[in-house]
Amino acid sequence: MKDITVITGTVGVDAHVIGTKIVSRALRDAGYNVVALGAQTPPEEFIKAAQETDADAMIMSSLYGMAELDLQGFKDKCLEAGLDDILLYIGGNLGIAKSDDIEMRFKKLGFDRVYPPATDMKIALADLQNDLEAKGKL
Amino acid sequence: MEIKVRQKRIDEDKFLEMRKGVLSLWHTGKEVELDDAVGYQKSLPDSKIFHKVVQRVREEGRMVLFPRSGTPIVEDEIELVRSLNELGIPLIPFTTDSYTRNLQLDKAQKGLEESIRTGKPVLNGYPIINHGVKTTRKVVEACDGAFDPRCSRMANSLVGEVAFASGMTAMPNSFFAWIGGYDKKATVEECIETAQYLGRLIGYYADRDVIITTDCHGWLPNGVYPMSVNIATQIIEALISAEQGVKSVFPQINLQGSMAQDLGDIRIVPKLYRKYLDKLGYNDVIIPGIVGSQVPLYPFPQDMGSAFGYITYTATVAALGEVDACFVKTIDEANGIPTKESHIESYRSAKWIFDVVRQQKLEIDNEDIRQEMRITEAEVTAILDRVLELGDGDIAVGAVKAVEAGVLDSPFSINIHAKDQVLGVRDLKGACRYLDFGNLPIPEEIKEFHREKIAEREKAEGRKLDYHASLEDFWAISKGQLIGTHANS
């Protein structure tokens, strides 16, 4: 079985870097191959990196409330780029105002998992393992 | 690679040539006319002039809140600043949105238009460049306060131009804050050059008797970490600004939760600023006061009770330390961009503490505080002296070399040029200590002190402190503790 590759980063022009650094380290410690794009990563760079590395998942961080603007049409762009099997996760403060429909809105944008801020990484790691197993990759 | 930047004032002719490029970045640049702007600044009442407001507050023995405000629709922004003003807030930091900060002005325009169309803000701040001078003067004129806009490197020069022409009288010029938290790819030289432009713009006003203040934030700690690098880098920012003609600098003390350390820093920082400003010949630069700040980057409590607790801790220490202004976050910080109502609730609780605690003038002096002062002073002095040495007396050259060498370093920084080889944890009393010194030029006896404090906690907890302990401490405040709990204990 091939190594599992995960792309991480903070999407758009968001500078909040701490979350993605913690996520990247936790993934590495769990044995994943991590391509850490860091903060302020445009959506196109996530796609490019995923193509180049044949990645299995993307885990995006966002804290500045504008990710929804950045990610319009993102799933379609993934499909156009041939990334039809990639898992898409996002977590953080995903809207300007608090709202109950954040998860639904991001699932509509094509994300498989949507996490609130300060989620324990253990939860995301367990979800990732389950989702990869369901796809027969683990 | 050859270092081109120098600690040297930009010639006026060169500066005026540089301005043309800055003002051509967006069509509202045409609204900025320097002579008119100087005239407008001179027409402002004292209540809109930042350093005068700070000095007045200090003379009156009061302290005030230093909130954040920024929402895209101008009518909403006016309502927000008026409501802050009605709460007795005379200093108004003014947040620009992230697209503006990154000079993505087409996107800011689209977000602004969508916000206006739907009546709901989709930008996380006020797009000051898109609004331009005429519109922003309306905001400045709408209330009786001194404005201080927030930006980061990419748009700093144009935001400064628009803001000062609109009557704002302070602005951070914190290039280390960009390296720590805002700019992924810029080199240290690019950051310094941008800061020199803003300093020179403020210097142009100062030559015409208009004093604009710069806040110095320094390299903001993105984790639990002693403040000596932050303070040393604030002072470097002040020195770079002063060379360009800035006459008023405003230190920021980041309050981390250890009362001895927080009070020690409040007391020693202005003295260290004065020492290095005078040492390098900037004797006429004033420090009108200081601002205390809830450490900007710790995770914030999710529940309202803990959030109030954290806010009022900060307010209490700031009041005991007799700072002039204090930044606290709002009770809904963990949920996103604060609402107007939460600003008001949060600030009423902080103001209650300010008014009740500060007037008591309770003298707090003990060996713990004095010890923290001595340690901070020794560390900051060692770091700054090494930076000056690296630059052969030129602080700009020294700063570039120091980041490259890890002589200046801070954990979890955004910028790819930072070494990121350092780490901190709390000791048993909750003070922040160095766990990994990286290449910081900390004197050996001070290093030994940190090692002892860490050994005490390791003994008490029966484990080695490491990266995970540092992260546990990082999350602790959001969970209602100062010292993190070991995940497996």
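What we have here is a predicted model, and I will keep to what can be read from it.

After the helix comes A:D54, with a positive phi, near 50°.

That brings me to the sheet of chain A, which is open, has 5 strands in the order 2-1-3-4-5, and is paired in parallel. At its edges stand strand 2 (33–36) and strand 5 (113–115) of chain A, and because each has a single partner strand, one side of each is left without a neighbour in the sheet. Averaged over the sheet and with direction ignored, neighbouring strands are turned by 15° against each other. If we look at one pair in detail, strand 1 (residues 5–10) of chain A runs parallel to strand 2 of chain A and is joined to that strand over 4 bridges, with A:V6 standing opposite A:V34 of strand 2.

Which strands does helix 2 of chain A lie across? Helix 2, residues 43–53, lies across strand 1, strand 2 and strand 3 (57–62) of chain A, and runs at about 165° to strand 1. Helix 6 (residues 121–134) of chain A, for its part, lies across strand 3, strand 4 (87–92) and strand 5 of chain A, running at about 170° to strand 4.

Let me turn to chain B, where 5 strands form an open sheet with parallel pairing, in the order 1-7-6-5-4. The edge positions belong to strand 1 (64–65) and strand 4 (213–216) of chain B, and since each has a single partner strand, one side of each is left without a neighbour in the sheet. Within the sheet, strand 6 (residues 291–294) and strand 7 (residues 325–327) of chain B run parallel and are joined by 3 bridges, and the bridge partner of B:G292 in strand 7 is B:C326. Helix 11 (residues 228–243) of chain B packs on this sheet, touching strand 4 and strand 5 (248–255) of chain B, and its direction makes about 170° with that of strand 5. Helix 12 (residues 259–279) of chain B also packs on the sheet, touching strand 5 and strand 6 of chain B, at about 160° to the direction of strand 5.

Elsewhere in chain B there is a helix pair to describe. The axes of helix 4 (residues 74–86) and helix 7 (residues 128–141) of chain B come within 9 Å and cross at roughly 35°, and the crossing is right-handed. Helix 4 of chain B brings B:V74, B:E77, B:I78 and B:V81 to the contact, while helix 7 of chain B brings B:H131, B:T135, B:K138 and B:V139. By class, these residues divide into 4 nonpolar, 2 polar and 2 charged.

Finally, the contact between the two chains: how many residues does each chain give? Chain B gives 24 residues and chain A gives 21 residues. On the side of chain B that touches chain A, helix 5 (98–101) and helix 9 (175–182) of chain B each supply at least two residues. That side of chain B has 11 nonpolar, 11 polar and 2 charged residues.

Notes: Residues are numbered from 1 along each chain as its sequence is written. Chains are lettered from A and ligands numbered from 1 in the order in which they are written. This is a predicted model: local features need pLDDT of at least 70, side-chain atom pairs count only at pLDDT 80 or more; totals for chains, interfaces and linings use all residues. Two residues are in contact if their C-beta atoms, placed from the backbone, lie within 7 Å. Ala, Val, Leu, Ile, Met, Phe, Trp, Tyr, Cys and Pro count as nonpolar, Asp, Glu, Lys and Arg as charged, and the others, Gly among them, as polar. Two strands pair if DSSP finds at least two bridges between them. Axes are lines fitted to C-alpha atoms, for helices over the stretch in contact, and angles run from 0 to 180 degrees between N-to-C directions. A crossing is left-handed if the near helix is turned anticlockwise from the far one by less than a right angle, and right-handed if clockwise.
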